Amino acid sequence: MNYGAVAYEGSICRPPMEEGAFILPVQDGCSHNQCLFCHFYKDVPFRLIPLDEVEAELQRIRALNARGPRRIFLGGGDALALPAERLSAVLEMIRRYFPRCREITADATVTDIRRKSDAQLLRLRDAGLGCLYVGLECGLDTVLTRLHKDHNNTEAIMQLERLNALSMPHGAHVMTGAGGRGSAAENGLATARLLNRVRPCAIINVSMFIDNRAPLFAEVEKGAFHPASALEHLREERALLTNLELPLRYDSFQVFSELRLIGNLPRDRERLLRRLDMAIDDCAARPQPLRIMPRCADQRQVDMAFSTDEEDLRFCAF
Ligand code: SF4
């Protein structure tokens, strides 16, 4: 499909706090693309968008509005996978076309960070790269291995502490229910401990749902993976929220309970816990049949966290 001046393949997954950012695609797909729960890029070959297409898109936007966007999110599964020189070139182009742009952000894997030297990361930071949203998912190594993530928690701690030492902000994608049935308390606590250690400035939790295009769907059908119930998702989030000890932005969406929680910790913790407890009581009183995909109505809210259609990809805030 054509996204502005870029021939772009697939969807772009965007953190909810970046909903006001202009999405500038710099890659198709994801450099890892093995996570069993993820369906976004399974049919999309990994490709770096040619720099002349990226520049043509910047020119197109400048022609629409000379001041340009204040925030830009680099689109693709993990834009930090771009080689450092190429990413520097993109950042330099953005600065040249839109000197008023205040922040440039991107998704990243732990592996993407590991593959960059300190000197490269510092160059990217100084060229304008801001918050990196890293897919941590959960705090249990057994679960990360089971889901074919490309890191374990020791590696995550090592790489995120490198970012902290370089004064590079990062946010964390996590996913209640990642461990499946029976793991809520253990996983919630382990994820909180991991986050307390690596100190992200923001947490994005989207509870696990399993699209029928994701490899995990077949495992559920075979009985090899048992998804968490809606109630377990909520209880895991309670364990997570209760044990977080950081000042940060918290944004969560429970797909099956249709519960969105947004706030700043620690200030809003009690309010969020009260809301969560109401949802837990409600869910416990009215047990729902187990679902692994959102209902259609839910999908609209999932789209608050994930941009999946062409119109949304074109969203641009000036
Ligand atoms: S979850 Fe992230 S790292 Fe894993 S396949 Fe999907 S986009 Fe790639």
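## Two helices in contact

The axes of helix H7 (residues 184-198) and helix H9 (residues 230-243) come within 8 Å and cross at roughly 30 degrees, where axes are lines fitted to C-alpha atoms, for helices over the stretch in contact, and angles run from 0 to 180 degrees between N-to-C directions. H7 is therefore roughly parallel to H9, a label for angles under 35 degrees. The crossing of H7 with H9 is right-handed, meaning that the near helix is turned clockwise from the far one by less than a right angle.

On the H7 side, the contact involves Ala 184, Ala 185, Asn 187, Gly 188, Leu 189, Thr 191 and Ala 192, while H9 contributes residues including Glu 232, Arg 235 and Leu 240; residues are in contact if their C-beta atoms, placed from the backbone, lie within 7 Å.

## Basis of the model

This is a predicted model, in which local features need pLDDT of at least 70 and side-chain atom pairs count only at pLDDT 80 or more, whereas totals for chains, interfaces and linings use all residues. Residues are numbered from 1 along each chain as its sequence is written.

## The open sheet

Eight strands form an open sheet with mixed pairing, in the order S4-S7-S8-S9-S10-S11-S12-S13; strands are DSSP runs (E, at least two residues), as helices are (H or I, at least four), numbered from the N terminus, and two strands pair if DSSP finds at least two bridges between them. From one strand to the next, the twist averages 20 degrees.

Strand S12 (residues 248-254) pairs with S13 in the antiparallel sense over seven bridges, and Gln 254 has Leu 259 of S13 as its bridge partner.

Methods. Parallel < 35°, antiparallel > 145°, perpendicular 65-115°, else oblique. Contact = placed C-beta atoms within 7 Å.
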